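New notebook, new structure. I'm jotting down what I look up as I go.

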Amino acid sequence: MSMSRDGREPLYVVRNSPIHGRGVFAARYIRAGTRIVEYTGERISNREADRRYDDDRMKRHHTFLFTLDKKTVIDGAIETGGGDASYINHSCDPNCEAIITGKKIFIHALRGIYPGTELAYDYQYERTGRNDAKLEKFYFCKCGAENCRGSIMKPAKKKRSRSRRK
């Protein structure tokens, strides 16, 4: 549990999640725009992130990596100093968002969140243009939202149709 900045009861609790493993749940009402928690962990390079989490050798996707900038990734695994934010699961219909401020990442409420509601943000894993169909299956989504896109990858860009004038 984490006490809010104003010293009141905790904003959230970490417990088992119906989405995946452990999750973070509102312990009390969280107002829209509230900064809930910082995403913490070890700061590593992209190369080191690729070494630690090799998708080709993993049976299922499970990482705690969060890209901070072009050169830096935060590994939020508990073993590397990650905190409660690493337990926040993905949703295609999120109630939170990750905001990068300087060299830090904070999770903020997108809307009012009632006690007992699981906190989630849209992971939006980057597409490479190579093997995207295969990666969509590997990075499958279990959020259960009505608008679930089936993958935690960033939505595919829609191809523009060119209309011809005659």
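This is a predicted model: local features need pLDDT of at least 70, side-chain atom pairs count only at pLDDT 80 or more; totals for chains, interfaces and linings use all residues.

Is Glu42 buried, exposed or partly exposed? I looked it up: Glu42 is partly exposed, with a relative accessible area of 32%. My cut-offs: buried means under 20% relative accessible area, exposed over 50%, and partly exposed in between, with a 1.4 Å probe and protein chains only.

Residues are numbered from 1 along each chain as its sequence is written, and side-chain values use heavy atoms, with hydrogens and water left out.

**Entry: salt bridges**

I stayed with Glu42 and looked for its partner. The side chain of Glu42 meets that of Arg52 in a salt bridge, 3.0 Å from N to O. For the term, I need a side-chain nitrogen of Lys or Arg within 4 Å of a carboxyl oxygen of Asp or Glu. Arg52 sits in helix 1 (residues 46-52) and Glu42 in strand 5 (residues 42-44), so this pair ties together parts 10 residues apart in sequence. Helices (H or I, at least four residues) and strands (E, at least two) are DSSP runs, numbered from the N terminus. Arg52 counts as partly exposed, at 28% relative accessibility.

How many salt bridges does the structure hold? I get 6.

Next I checked Asp69, whose side chain meets that of Lys103 in a salt bridge of 2.9 Å, N to O. Asp69 is in the loop between strand 6 (65-67) and strand 7 (73-75), and Lys103 is in the loop between strand 9 and strand 10 (104-109), so the pair ties together parts 34 residues apart in sequence. Asp69 is partly exposed at 25% relative accessible area, while Lys103 is exposed at 53%.

Then I went to Asp122 and Arg149, which form a salt bridge of 2.6 Å, N to O. This pair links distant parts of the chain, 27 residues apart: Asp122 is in the loop between strand 11 (120-121) and helix 2 (132-138), and Arg149 is in the segment after helix 2. Asp122 is buried, with a relative accessible area of 17%, but Arg149 is partly exposed at 29%. I also noted a network: salt bridges that share partners join Glu42, Glu48, Arg51, Arg52 and Asp75.

Two strands pair if DSSP finds at least two bridges between them. Strand 6 and strand 7 pair over 3 bridges, and Phe66 has Ile74 in strand 7 as its bridge partner.

I found another open sheet of 3 strands, antiparallel, in the order 4-10-9. Strand 4 (35-39) and strand 9 stand at its edges with a single partner strand each, so one side of each has no neighbour in the sheet. The twist averages 30° from one strand to the next.

How many bridges join strand 9 to strand 10? There are 6, and the two run antiparallel. They form a hairpin with 2 residues between them, and Gly102 in the turn has a positive phi of about 65°. I picked out two pairs: Thr101 is partnered with Lys104 in strand 10, and Glu97 stands opposite His108.

**Entry: Asn95 and the cysteines**

Where does Asn95 lie? In the loop between strand 8 (89-90) and strand 9 (96-101). A polar atom of the Asn95 side chain lies 2.9 Å from the backbone nitrogen of Ala120.

Last, the disulfides (cysteine sulfur atoms within 2.5 Å). The structure holds 0 of them. For Cys92, the nearest cysteine sulfur is that of Cys141, 3.8 Å away. Cys92 is buried at 8% relative accessible area, and Cys96 is buried at 1%.

Conventions
A polar contact is a pair of N or O atoms within 3.5 Å; within protein, one must be able to donate a hydrogen and the other to accept it, and residues adjacent in sequence count only if both atoms are side-chain atoms. Axes are lines fitted to C-alpha atoms, for helices over the stretch in contact, and angles run from 0 to 180 degrees between N-to-C directions.
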